[in-house]
Amino acid sequence: MGRIMTQPLLSVVIPTRNRQPYCIAAIEDILAYDYPGLELCVQDNSEDDQLKRYVEAREYDSRLVFRYVPQRLNSLINMDEAMEMASGKYVIMLGDDDTILPDIFSTVKWMDEHGIDSVCSNCQVQYFWPGAHPEDMTGLMRVVVQPIRKRMKKPIPKKLDRLFRQGITRFKIYRLPQVYHGIIRSDRLQAIKRKTGHYFGGLSPDIYSTIALCGVVKNHKIIEHPVSIAGACRMSATSRNVHKGHCGKLEDAPHLILRGPYEWDRYVPAYYSVETIWAESAMKAVREMEMPGLIEKFNYSFLAAYALFNNRSIGRLALRKTFDSENYFVANDPWLKLKFIGSTVRILSDFIGRKLKRKFRIKAEQIVSFYGVGTISEAVKHYRQWTSID
């Protein structure tokens, strides 16, 4: 419903399901900007038509493209179909509890003028909706600014090389291309679709997309201002992770809902955790995009030790799956146990080092918190006031 006649410069894409109040807040906040080159694409896969009725009742805005699909879809199909709705030259995908920040429009204009394929920011604005974070159940916003280090400035192939040598862990420190809270030229996304038949794959669509984009993006930049707010409502994966509800048996992973038979990559320990889901999705992207050399550099022992350390609450399960005979490395690497011990020592050393830095207040990043932030629109206002003072 609704389609502007000329190509928008920026499409904001939101797939949603059963989180109508948050999505309505996102729609209202995004369309409050009067930027004419904006397109907002929302695909709703909710169990009822509440969001559809809201869109039909609100004042018409040609920039809003809305579609309601009542039959249950798995999350990847919902995201793929939402992305198909976008007609802009540049695209950003958000969750239904997120929003954009004012600098996004000048950023897209700058990208277009300088032929830039992709940007992401070293500054992240996080917003935990009321009830989503135990530190402040009335609404918490954080601005996290990381210094741009040498590793971030490296060319994408060198970043990927190091990432795989570290077992596909610590994705975020490299600031790779990403459509989720990053901005991407749409023709780069189309290149992935032509190659694989879809935009998203694996069990973690954003990680799959990040690795796949590394194979097609030519000109990627890291910017120092954020272009969006990453929201987390009580039902979000981010909130579940904060409350330590994000690990267990693989068959219990919500990512598998409506996916049918799923072939887990034998290079990754077969249990449910953030680390293993991310690594498995990255492997899927590398294989489907046919990106040479990366799989051979993959450090299984580091991933296995890192994931086990971060999921000690399911330690027995994780350890058993780490050395499961069906795993490729267990079957083919006679030195695996020694490598695993070496990786564990390294990870413990890194952990102690981070503890000492915190003790002596040596911070690698700047964090500013705002408490009692009741809505995401208030979060935007707080951020704008903070930047004007700063």
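Predicted model: local features only at pLDDT ≥ 70, side-chain atom pairs only at ≥ 80, totals over all residues.

Reader: Why is the pair Tyr-33 and Phe-105 called edge-to-face?

Author: The ring centres of Tyr-33 and Phe-105 are 5.3 Å apart and the planes stand at 65°, so the pair is edge-to-face. Tyr-33 lies in the loop between α1 (20–31) and β2 (38–44) and Phe-105 in helix α4 (residues 103–114), so the pair ties together parts 72 residues apart in sequence. Helices (H or I, at least four residues) and strands (E, at least two) are DSSP runs, numbered from the N terminus.

Reader: Are Tyr-33 and Phe-105 buried or exposed?

Author: Buried means under 20% relative accessible area, exposed over 50%, partly exposed in between (1.4 Å probe, protein chains only). Tyr-33 has 14%, so Tyr-33 is buried. Phe-105 has 10%, so Phe-105 is buried.

Reader: What makes Phe-309 and Phe-351 edge-to-face?

Author: Their centres are 5.1 Å apart and their planes at 65°, so that label applies. This pair links distant parts of the chain: Phe-309 in helix α12 (residues 300–310) and Phe-351 in helix α15 (residues 336–359), 42 residues apart. Phe-309 is buried at 15%; Phe-351 is partly exposed at 26%.

Reader: Which charged end sits over the ring of Phe-309?

Author: That of Arg-312, 4.4 Å from the ring centre. The rule asks for NZ of Lys or CZ of Arg within 6 Å of the ring centre and within 35 degrees of the ring normal. Arg-287 lies over the face of Tyr-267, 4.8 Å from the ring centre. Tyr-267 also belongs to an aromatic cluster with Phe-298, Tyr-300, Tyr-328 and Phe-329.

Reader: Why is Tyr-22 called buried?

Author: Its relative accessible area is 12%, so Tyr-22 is buried. Tyr-22 is found in helix α1. Beyond its neighbours within four places in sequence, Tyr-22 is in contact (heavy atoms within 4.5 Å) with Asp-96, Asp-97, Trp-129, Cys-233, Arg-234 and Met-235.

Reader: Which element gives the largest share of the lining of the second largest pocket?

Author: α6, with 5 residues. The lining divides into 12 nonpolar, 4 polar and 7 charged residues. Ala, Val, Leu, Ile, Met, Phe, Trp, Tyr, Cys and Pro count as nonpolar, Asp, Glu, Lys and Arg as charged, and the others, Gly among them, as polar.

Reader: Which residues of α6 are buried?

Author: Ile-156, Lys-159, Leu-160, Asp-161, Leu-163 and Phe-164. Their cover includes α5, α8 (205–214), β10, α10 (274–289) and α11. Gly-167 follows α6, with a positive phi near 70°.

Conventions:
Residues numbered from 1 in each chain as written. Heavy atoms only, no water. Phe/Tyr/Trp six-rings, centres within 6.5 Å; stacked < 30°, edge-to-face > 60°.
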